[in-house]
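Hi,

Here is the structure I promised to pass on to you. Have a look at it first, and then read on for what turned up in it.

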There are 2 protein chains.
Amino acid sequence: MTIDSSWIEPGYEGPWGPQTLPYGVFSRAGRRPSVFTRVGATALDLDAAFRVLAPEHAPLFGQESLNTFMASGRGTWEAVRARLTEWVTDPAFAKVLRPHLYPLSSLRATLPIQVADWVDFYGSIDHARIMASIFRPGQPSLPPAWPHMPMGYHGRAGTVIVSGEDIPRPDGQRLAVGEERPRYGPSRKLDIEAEIGFVVGAGSERNEPIPPERLADHIFGVVLVNDWSARDIQSFESVPLGPFLGKSFATSISEWVTPLAAFTHAWCEPPVRLEPLQAYLGDAATERGLDIAVEVRVNDSIIARPPYSTMYWTPGQMLAHVTGNGASARTGDLLGSGTISGPVRHQRGSLMELTENGVVPVHLDDGSTRTFLEDGDEIVFRADAPGPRGTRIGIGDVVGRVVPSTSMPEELSATASVARA
Amino acid sequence: MTIDSSWIEPGYEGPWGPQTLPYGVFSRAGRRPSVFTRVGATALDLDAAFRVLAPEHAPLFGQESLNTFMASGRGTWEAVRARLTEWVTDPAFAKVLRPHLYPLSSLRATLPIQVADWVDFYGSIDHARIMASIFRPGQPSLPPAWPHMPMGYHGRAGTVIVSGEDIPRPDGQRLAVGEERPRYGPSRKLDIEAEIGFVVGAGSERNEPIPPERLADHIFGVVLVNDWSARDIQSFESVPLGPFLGKSFATSISEWVTPLAAFTHAWCEPPVRLEPLQAYLGDAATERGLDIAVEVRVNDSIIARPPYSTMYWTPGQMLAHVTGNGASARTGDLLGSGTISGPVRHQRGSLMELTENGVVPVHLDDGSTRTFLEDGDEIVFRADAPGPRGTRIGIGDVVGRVVPSTSMPEELSATASVARA
């Protein structure tokens, strides 16, 4: 066996080889969830494996989320990863570990992290420019603060869900063109947003900002994110407090959290800076982004390939900014990159941008077209990144199917009660 | 003893009599925190009391937050409150309970709830109009969506802190008048926001919006809130994503959560509706606000008396809106009313409004003036509401003292690294 292959699936050469070793929380039929890793399509039960081979760490894995392990800190993350790498590449461990392997298809995924605060950034310069041209035509192409800081807002942590859960079309107030009063009913502009999420493992105290170069001491790993968005609800509600119910109905993340330590070969130079960097946002000469390739499918047609390498603001800068006012970070905080969009049309990570707000439909392989999502559509995001020796690093898929609104019909719901005036 | 007095402090006639019976989490020297209630300045250890008198409920109170008790649901909340009322008013319980009484001054408060999501609304029409006139002069006096929905945004749950904790002046980027580039450094416009907070006890499932009339099945109680705000940071960062670091450094809540059940005599009619209500926001003929009087002190000078009764959007409407898109609610969710401001100047709940963005100083009793907060200032909010038979219902104080920024001096921090262009 070499360090790029495993006795678990000897012929496997894909992104889920020993170079990746992600963490997820799964349950077997009738059992409590616990922490697993994977090689190929085979999952290893870490609770069982550590009980046998390294019982001092076993309490980190007999858990219903990764938070206990994440809170244990970088030293433990590194020690655990070193063990796993040894176990899955050295056939001497096959006999003792084989009883604790399961086909992925036999396991049920649960949300891998207990989300503390969910912060969504706006880190793609192409996305920010395109959104400004759609939502604020005639105004400057970037918000005034955009070149100076990674702008963001807090989203709803309680509606972060795991890949695979259905997405009922959300209801809300939206204002139709030419109408004076909003109507309440199912969104007609349901959209996706392809993002990369960074999960805080080790938190920080109040009033101790985290400099960008300490990213790896705090960020445990990476997830893929679909930040579902109802554009009609969002555009009516967003002035002046920002996105709220247009986003808060659901945010899907991948089943797997890929350790930041797996991305050693994926760091890359971010785009040229438009403005000098404030000192708390790091040194432009050393700050780095990540070369992650993302693919967006609707009903199995690829509609976009957003390149994370084009993101203007780096993960280190996101973490430095969110703590830069003295706010603490907590285990389970999720920092989303914001929609990933590159300079070319097929690199845009939302239908809003791909279709220019519903004007230019995208074509699917089955001959149909889409402006926004239709009930029944299944959306799949995939992502990977360069690994050592020509391998790829796996990042978990994010899958979600749109199902009809569960609300009463619009005719009924739009009936407003009489004002008491 | 009557139902308005207690053997615990027989002469006591203030707002903390048996008509209130709030919950808080406190620790005695060297002990783990647990849940207490109070009569006057005396606290009753509920963990100990229930162990002796009603052990089936004791596991709810030997906890480091109220969340276990809150999650138990309205039936249990009512059963517990009935017990407590009986115990503190019937002298027959004096002998068994007296060993579990402590002077409040001997206890140390901790954050009473584990905050899930923190949502800050914008429910005062006077506040919304004044803020619009300051931040967006020449534009309509209310944002377009304001009359149609209780607008809000998600804040940072991880920096909600308990009354009494110091408030270091936050750092951030702010743009001085006449300058082209922002500087990073301590806020020069540190402000307060007087709010009422509603704490979700019993959560809800995804896709099951909570109608306003079911408020009392879900809302456990009421806290007083100071949502500290750095106006200079906020005004530079807020377009288009809303408030972020200008708010996320700290939100103080009272030590005590007053049960919603205590407010029976405080419900009142909200202001006349400007627009017909969408059905999901309830019936204007029956929807009710609360008559809560708030007092704002800076260094012991009263600078404002914001009346919660003037709030346009009711707590029932806030809860209906936040779940109206299918989002779930969770035990520990905190819904803030937004700054409470009445129509008269001395009723405004922030310095931004009281001083018209620093133009008209407020005068303190010691002869000094304030535009925004200075290091060393101590801010105290107090609040109460009408109770039965002429009593008042207590709501906990919120106290916070501003301390200097812990960051490096501005001269250093403003040094930007060289752009790589």
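Let me start with how the chains meet: 83 residues of chain B are in contact with 82 residues of chain A. Please keep in mind that this is a predicted model. The size of an interface is often given as the accessible area lost when the parts come together. Here the area buried between chain B and chain A is about 7100 Å², and carbon and sulfur atoms give 54% of that area.

Polar contacts across the interface of chain B and chain A come to 28 residue pairs, both residues being at pLDDT 80 or more.

Which parts of chain B supply at least two residues each to the side that touches chain A? They are strand 6 (118-121), strand 7 (152-155), strand 9 (167-168), strand 10 (171-174), strand 11 (183-186), helix 7 (231-237) and helix 8 (315-323) of chain B. Strand 7 of chain B gives the largest share, with four residues. Sorted by class, the side of chain B that touches chain A holds 43 nonpolar, 21 polar and 19 charged residues.

- A cis peptide bond links A:Val239 to A:Pro240, with omega about 5°; A:Pro240 sits in the loop between helix 7 (231-237) and strand 16 (251-253) of chain A.
- In chain B, the peptide bond from B:Val239 to B:Pro240 is cis, with omega near 5°.
- A:Asp300 is not a glycine, yet has a positive phi of about 70°. This residue lies in the loop between strand 20 (293-298) and strand 21 of chain A and counts as exposed at 55% relative accessibility.
- A:Ser301 belongs to strand 21 (residues 301-304) of chain A and, at 2% relative accessibility, counts as buried. Its contacts include A:Val296 and A:Leu364.
- B:Arg389 also has a positive phi, near 50°, and is exposed, with a relative accessible area of 54%.

Best wishes

How values were computed:
Residues are numbered from 1 along each chain as its sequence is written. Chains are lettered from A and ligands numbered from 1 in the order in which they are written. This is a predicted model: local features need pLDDT of at least 70, side-chain atom pairs count only at pLDDT 80 or more; totals for chains, interfaces and linings use all residues. Side-chain values use heavy atoms; hydrogens and water are left out. Contact means heavy atoms within 4.5 Å. Buried area is the accessible area (1.4 Å probe) that two parts lose on being put together, summed over both. A polar contact is a pair of N or O atoms within 3.5 Å; within protein, one must be able to donate a hydrogen and the other to accept it, and residues adjacent in sequence count only if both atoms are side-chain atoms. Ala, Val, Leu, Ile, Met, Phe, Trp, Tyr, Cys and Pro count as nonpolar, Asp, Glu, Lys and Arg as charged, and the others, Gly among them, as polar. Buried means under 20% relative accessible area, exposed over 50%, partly exposed in between (1.4 Å probe, protein chains only). Lists of a residue's contacts leave out its neighbours within four places in sequence.
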